[in-house]
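Please read them with the structure open beside you.

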Amino acid sequence: PAAVREAAARAAREGRIGYTDALGLRSLRQAIAAHYADHYGVTVPPDRIVVTTGSSAAFNLAFLAMFDPAERVAITAPGYPAYRNILKVLGLEAVEIDLAGAGWLTAERLEAAHARWPFQGLLFASPANPTGSIIPDDEIARILATCERLGVQVISDEIYHRLAYDRPDKTALSIDPDVVVINSFSKYYCMTGWRIGWMVLPEVLLRPVERIQQSLYISAPEISQIAAVPAFDSTAELEAVKARYAQSRAMLLERLPRLGLTIASPMDGGFYAYCDVSRFTNDSMDFARRMIAEAHVAATPGIDFDTVNGHRTMRFSYAGAPADMATAMDRLEAWLPGQEG
């Protein structure tokens, strides 16, 4: 947003950019707290907010503060591949809950997975990457209640919030104020590359996360922290961007199935379409390579998101301009008929 760029330029010209408090600038933490009150109607004290170097650092901090080596954390499949990779690097075990045949995580699937592989933590995203699916509010409540009964700690990845198209956002904090929530300025706020995100923590985790942050990162970049404050006042500009996503989403919902690319999961939010490509291939990685080389359309093979069933799926991002998305569909329409059989 323009106000973000102007704030960064002003800070670079007029001030000294250095380290900040490990928890983040007070002004940004207050702005994030005000956002929870304004957007969700939820009271979050600024003291429970930690500013992080993107959501990636937040996941590191959460995993390190919440779990011991060799403990298990449940994630969904398909799901964001960095979850699995970060857990592995930190000496934790990922338990992948298969969502095949379901649009989103349910309490029943959670409990069945826990009975088979007891785990100490759960990380879920809504809207999700790669599917864009949103877990219904009543289902999130059941998931949180099930986790409380089983003694499972919960992390809610809300990085794609404010990018829901048919329903209002509801943070998990409105159901359980002690859930760990992770968010970022990269998606709705269009600040990819500024490396700025945040966590909302229960009080018991604040000091452990602060100590780990001091050792691993010192603080999030100060210039990005300063720039992020006016992002919350840039709604008109950001909603115009979201309207372009919505335009592309509507077009893809109509054209992808017509091309034989069945929508494999509800496109409720974010800017992704997760498609079944088994009509054309049983190897999504090879299909992605051929598609970019021959049709000049880039998409992500499902095997990145689901190591068991992802050979039959692809993720298409519609974060680009609507005209580019239409061009991509035109190219696929010309290319795909030659790929059947």
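1. Which residue stands opposite Val 200 in S7, as seen from the strand that holds Val 181? Before answering, please keep in mind that this is a predicted model. The residue in question is Val 181 itself, which stands opposite Val 200 in S7, and the strand concerned is S6 (residues 180-184), joined to S7 by four bridges in an antiparallel run.

2. Strand S4 (residues 121-125) is largely enclosed by the rest of the structure, because five of its five residues are buried. Gly 121, Leu 123 and Ala 125 point one way from S4, whereas Leu 122 and Phe 124 point the other way, and all of them are buried.

3. The pairing of S4 is parallel towards strand S2 (residues 72-77), to which two bridges join it, and Leu 122 in S4 is the bridge partner of Ala 74. With strand S5 (residues 153-157), S4 pairs in the parallel sense over five bridges, and in this pairing Phe 124 stands opposite Ser 156.

4. Turning to the domains, the assignment for this protein gives domain 1 as 2-233 and domain 2 as 236-329, and their C-alpha centres lie 25 Å apart. Across the boundary, 32 residues of domain 1 are in contact with 24 residues of domain 2.

5. Between them, domain 1 and domain 2 bury about 2300 Å², with 53% of that area on carbon and sulfur atoms. On the domain 1 side, the residues that lose the most area to domain 2 are Pro 130, Tyr 165 and Tyr 188, which together account for 28% of what that side buries.

6. As for polar links, the count between domain 1 and domain 2 comes to 18 residue pairs in polar contact and two salt bridges. Asp 166 forms a salt bridge with Arg 249, in which the closest N and O atoms are 3.2 Å apart. The side of domain 1 that touches domain 2 draws at least two residues from each of helix H1 (2-14), helix H4 (81-89) and strand S3 (93-98).

Technical notes
Residues numbered from 1 in each chain as written. Predicted model: local features only at pLDDT ≥ 70, side-chain atom pairs only at ≥ 80, totals over all residues. Heavy atoms only, no water. Pairing = 2+ DSSP bridges. Domains from an automatic or database assignment. Contact = heavy atoms within 4.5 Å. Buried area = accessible area lost by both parts, 1.4 Å probe. Salt bridge = Lys/Arg side-chain N within 4 Å of Asp/Glu carboxyl O. Polar contact = N/O pair within 3.5 Å; in protein donor to acceptor, adjacent residues only side chain to side chain. Buried < 20%, exposed > 50% of the residue type's maximum accessible area, 1.4 Å probe, protein only.
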